[in-house]
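Hi,

Here is the structure we spoke about. Please have a look, then read my notes below.

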Amino acid sequence: MIRIETTYDINSLCPELVALSKLEGVWFTRGILFFVVFNVNTPIAFFGLKIGTSRAVIKCDYVSKEYRRQGLLKKFIVYRLKFLKNNMKDIKEVTASTTKLATNVHLRLGAREIEKYKCGLTKVKYII
């Protein structure tokens, strides 16, 4: 049974996943609302949002290796956009800095590319 819990304190729900994600290069900042995905009682993934007054930023996606390649990134993006639309009526713009692989998923979901960085990341934006 899959369930999702929200928290601003990611370490309280899944410290092992946080440690693994840091080894793979995930960066954390303060003020991120995390959505932690559990398979029964085991955390298998998390994804986040940094929410401002009129915009939000998609942050910190991580999936355990055994659950990758199952289309979860698309589901996480859609979940966040619906969450914002249903719960944060003042949020009209959502951005993300994406890897090459993730950029294509965002573009298929309606984001538009707004900037390419020299480091290989691309900034995309949704209007909701």
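**What I found**

Buried residues make up 38% of the 128 residues in the protein chain. Buried means under 20% relative accessible area, exposed means over 50%, and partly exposed lies in between, with a 1.4 Å probe and protein chains only.

Before the rest, two notes on the source. This is a predicted model, where local features need pLDDT of at least 70, side-chain atom pairs count only at pLDDT 80 or more, and totals for chains, interfaces and linings use all residues. Residues are numbered from 1 along each chain as its sequence is written, and side-chain values use heavy atoms, with hydrogens and water left out.

**Overall shape**

The radius of gyration of the protein chain is 14 Å, which agrees with the value near 14 Å for a compact globule of 128 residues. That radius is taken over C-alpha atoms, and the globule rule is 2.2 Å times the number of residues to the power 0.38. The C-alpha trace spans about 35 × 35 × 25 Å along its principal axes.

**Fold**

The protein chain has four helices and seven strands. From the N terminus, the order is β-α-α-β-β-β-α-β-α-β-β. Helices (H or I, at least four residues) and strands (E, at least two) are DSSP runs, numbered from the N terminus.

Strand E7 (residues 122-127) pairs with strand E5 (residues 93-98) in the antiparallel sense, over six bridges. E7 also pairs with strand E6 (residues 112-116), again antiparallel, over four bridges. Two strands pair if DSSP finds at least two bridges between them. Look at Lys123 in E7. It is the bridge partner of Ser97, and Lys123 is also the bridge partner of Glu115. Five residues lie between the strands in the hairpin of E6 and E7, where Gly120 takes a positive phi near 100°.

Cys14 counts as buried because its relative accessibility is 0%. Cys119 is in no disulfide either, and its nearest cysteine sulfur, that of Cys60, is 16 Å away. Cys119 counts as exposed, at 61% relative accessibility.

Best wishes

Key
A disulfide is a pair of cysteine sulfur atoms within 2.5 Å.
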